[in-house]
Amino acid sequence: MKTRIIKIDGTDAADAALAEAARILREGGLVAFPTETVYGLGANALLPEAAKKTYAAKGRPSDNPLIVHIADRTDVYRVAEDVGETAERLMDAFWPGPMTLVLKKAAVIPRETTGGLDTVAVRMPSHPVANRLIRLAGVPVSAPSANLSGHPSPTEARFVIEDLDGKVDMIIDGGPVQIGLESTIIDLTGAEPTILRPGFITRADLERVASGVATDPAIEGPPAKDLVPRAPGMKYRHYAPKAEMTIFRGSPEAVRHRITEELCTAKKQGLRSAVLCTSEHAAYYNTDILKCVGSSASDEEIARNLYRCLREFDDEGAQVIFSEQFDGGRLEDAIQNRLLKAAGYRVVTV
Ligand code: TXA
Ligand code: MG
């Protein structure tokens, strides 16, 4: 398949291309588009065949449900039932934006879209291109992250092209995303609101508007047989670069010291080594590949750069990766969750 790649730059041609993208979506094709969190792979959420195409393009297991994206708050009542008061308060506070609510599915949403579940995950993105596209399409748009299954979510169009060129109808380049980590998912179908995936909207943010917020215990540690995550996608080995990655925890001095030792060992073994660190520590490391994920003073910068760094480790042929920990900020839960998965929960305390 020939994939059309278009840049959104405010011209009439870009407007016409967006209208064309909306038509493709409505008619059952696949269009990748930017959102404020990560790029999404859009499809008509009402069509079972469109969901099947989405799973095929990503190489994703079909029991892993898709998030349904809407452009108008009132569309939530079209795709979900029993929306409820907690959902209303959360939507008032955080929509449009990086928050996904799991609700009871309405009959119009086929089970192919929800991976066989009778619940549906719904999000109203704030990105202007996403909002315009969904509005023009006139249908709810399912959109998983626009990466091949197992790769980090794409934060720039070039990563979508790397993974999906030739597999989808169109890729819309709207520049780099603002947040860089996927939305916070909250399940409202149980006894209490439960975080299934941490994100830019934090637990503290949620607790300001909803009471009794819980976190799915299965996402707090390494995969365990008796604890299955309630968001099916959270059970997969995601976000992982090809090389073995280890996170070092401890005081900044001890971590720097230990990573320096590990680099010496890697050099002796003839391995192409890589370090993931804050810009404040970059000068300390003598390594083949050095990636600064951002300043320790800005966890938003770290969130925005993390997936790009993980992808670049692969591109540059890293054979072993040593990472600092990036904790203490507002986004600590979301960043740690992705970093731990990338490292296969390999953590050394120093
Ligand atoms: O920020 C985001 O949420 C991005 C952008 C494109 O909007 N989308 C995204 O989609 O991250 P995806 O498919 O990569 O991740 C969706 C996650 C998966 O872990 C999936 O299992 C979970 O949401 N999910 C979807 N529907 C669900 C449901 N009904 N119940 C529980 N988990 C659900
Ligand atoms: Mg994904």
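Helices (H or I, at least four residues) and strands (E, at least two) are DSSP runs, numbered from the N terminus. The model is predicted, so local features need pLDDT of at least 70 and side-chain atom pairs count only at pLDDT 80 or more, while totals for chains, interfaces and linings use all residues. Residues are numbered from 1 along each chain as its sequence is written, chains are lettered from A and ligands numbered from 1 in the order in which they are written, and side-chain values use heavy atoms, with hydrogens and water left out.

The protein is divided into domain 1 (4-219) and domain 2 (244-349). These bounds come from an automatic or database domain assignment. The C-alpha centres of domain 1 and domain 2 lie 29 Å apart. Across the boundary, 26 residues of domain 1 are in contact (heavy atoms within 4.5 Å) with 17 residues of domain 2.

A pocket is an open set of points where a 1.4 Å probe fits, with protein on both sides within 12 Å along at least five of seven lines. Lining residues have an atom within 4 Å of a point. Grid points are joined across faces, edges and corners, and a volume is the space filled by probe spheres set on the points.

The largest pocket has a volume of about 610 Å³. Its lining holds 40 residues. Nearest the centre of this pocket lie Arg-60, Pro-65, Ile-67, Ile-185 and Arg-197. S7 gives the most, with four residues. By class, the lining has 18 nonpolar, 15 polar and seven charged residues. Here Ala, Val, Leu, Ile, Met, Phe, Trp, Tyr, Cys and Pro count as nonpolar, Asp, Glu, Lys and Arg as charged, and the others, Gly among them, as polar.

Buried means under 20% relative accessible area, exposed over 50%, and partly exposed in between (1.4 Å probe, protein chains only). In helix H6 (residues 157-164), Ala-157, Phe-159, Val-160, Asp-163 and Leu-164 are buried. Seen down the axis of H6, these residues fall within an arc of 155 degrees, so they line one face of the helix. The arc is that of the directions from the helix axis to the C-beta atoms. Their cover includes strands S2 (31-33), S3 (40-44) and S9 (170-173), together with helices H2 (48-58) and H9 (299-315). Just after H6, Gly-166 takes a positive phi of about 90 degrees.

In H2, the buried residues are Ala-50, Ala-51, Thr-54, Tyr-55, Ala-57 and Lys-58. They fall within an arc of 165 degrees down the axis of H2, so they too line one face of the helix. Lys-52 and Ala-56 are exposed on the other side of H2. The cover of the buried residues of H2 includes S3 and H6. Just after H2, Gly-59 has a positive phi of about 65 degrees.

Backbone exceptions follow. Most residues other than glycine have a negative phi, and most peptide bonds are trans. The peptide bond from Trp-95 to Pro-96 is cis, with omega near -5 degrees. Pro-96 lies in the loop between helix H4 (84-94) and strand S6 (99-105). Trp-95 has its place in the loop between H4 and S6. At 9% relative accessibility, Trp-95 counts as buried. Beyond residues up to four places away in sequence, Trp-95 touches Ile-70, Arg-73, Val-76, Leu-90, Leu-101, Val-122, Arg-123 and Met-124.

Asp-82 has a phi near 50 degrees, a positive value in a residue other than glycine. It lies in the loop between strand S5 (80-81) and H4. Its relative accessibility is 61%, so Asp-82 counts as exposed. Tyr-345 also has a positive phi, near 60 degrees. Its loop runs between H10 and strand S17 (347-349). Tyr-345 is partly exposed, with a relative accessible area of 23%.

How values were computed:
1 Å grid on protein atoms, 1.4 Å probe; cavity = no way out; pocket = protein on both sides within 12 Å on 5 of 7 lines; lining within 4 Å.
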